[in-house]
Amino acid sequence: MCRHLAYLGPPVTLDALVISQPWSLRRQSFEPRHQSHGRFNGDGFGVGWYAFEHRREPARFRTPTPMWADRSFTSIAGVVTSEAVLAAVRAASEGLPVEESGNAPFVHDQWLFSLNGTVDHFLEGVGVALRRMVRDEFLSTIQGVTDSEVLFAMTLDLLDKGASLADAFDDVIDAVTRLTTARINLLITDGGQIVASAYGNSLFARRTDDSVIVASEPFDDEPGWEAVPDNSIVEAAVGAFSVRPR
């Protein structure tokens with residue numbers, strides 16, 4: 001069912017966020033502690049990060065290789081630093097292919113996006129119904145065949161119509177759950193803010209004076225992690241944090 005995290009704060013290496021922590025995303029790819037549906041996230045991974053001194057759009061690394069087996073990324077991660085990161089390890093939904101296009105984070109303009117969850121019956125008509133809700137301009141952003149990308153396109157369409165990130169996530173979850181059952185933990189950032197939903201999967205947050213992390217589960221056992229109630233929306237930035245029920 002995937003595991004993901006987003007970080008905002010002082011520059012930090014990708015290694016420090018996703019590899020070297022005691023319960024890092026790399027370890028969560030084969031040994032998650034809070035994952036209730038499936039126990040194996042070996043269908044690839046992706047990391048997106050911002051380098052605002054160079055450009056507004058994020059950089060991204062994705063591969064269908066499990067994180068624990070990718071030595072090239074391990075080498076790179078120790079020397080790449082960023083003030084804003086979104087990363088995810090993947091467990092592919094049933095019937096969906098294991099390929100690079102299926103891996104979060106998904107990118108459009110300044111946005112990085114991830115789904116921890118699944119849309120039930122997506123390949124049995126639900127996916128078609130959801131695509132019909134999206135204008136052609138945003139359907140054209142979809143490169144693969146995953147439910148994640150369709151939910152991202154729905155979000156982008158709603159944002160373009162003037163919705164806030166939190167309201168867009170509310171509307172996406174409502175649209176999906178009118179059609180089918182689902183677990184829909186959505187996560188998005190533009191490098192300055194993070195918005196996430198907790199809907200059927202675990203979600204935690206940790207804040208300091210100069211940083212914030214929103215993650216499927218804690219990557220260490222240090223104090224400060226807060227469990228986010230199910231059926232909630234998180235809005236976070238450095239120095240600002242709120243959780244509200246849907």
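How much space lies in the largest cavity? I get about 140 Å³ for the largest cavity.

Before going on, I note that this is a predicted model, where local features need pLDDT of at least 70 and side-chain atom pairs count only at pLDDT 80 or more, while totals for chains, interfaces and linings use all residues. Residues are numbered from 1 along each chain as its sequence is written, and side-chain values use heavy atoms, with hydrogens and water left out.

**Entry 1: the cavity.** My terms: on a 1 Å grid over the protein atoms alone, a cavity is a set of points where a 1.4 Å probe fits but cannot get out, a pocket is an open set with protein on both sides within 12 Å along at least five of seven lines, and lining residues have an atom within 4 Å of a point. Points are joined across faces, edges and corners, and a volume is the space filled by probe spheres set on them. I count one cavity of 30 Å³ or more. Its lining has 20 residues, and the closest to the centre are C2, R90, G102, L115 and S148. Strand β6 (111-119) gives the largest share of that lining, three residues. Helices (H or I, at least four residues) and strands (E, at least two) are DSSP runs, numbered from the N terminus.

Entry 2: The largest pocket has a volume of about 220 Å³. I find 13 residues lining this pocket, with E94, T118, V119, D120 and H121 closest to its centre.

**Entry 3: two helices.** I looked at α6 (residues 147-160) and α7 (residues 165-179), which pack at an angle of about 130° with axes 9 Å apart. That makes α6 oblique to α7. Axes are lines fitted to C-alpha atoms, for helices over the stretch in contact, and angles run from 0 to 180 degrees between N-to-C directions. Under 35 degrees is roughly parallel, over 145 roughly antiparallel, 65 to 115 roughly perpendicular, and the rest oblique.

Entry 4: Most residues other than glycine have a negative phi, and most peptide bonds are trans. The bond from A104 to P105 is cis, with omega near 5°, and P105 sits in the loop between β4 and β5. D109 is not a glycine, yet has a positive phi of about 50°. I place D109 in the loop between β5 and β6.
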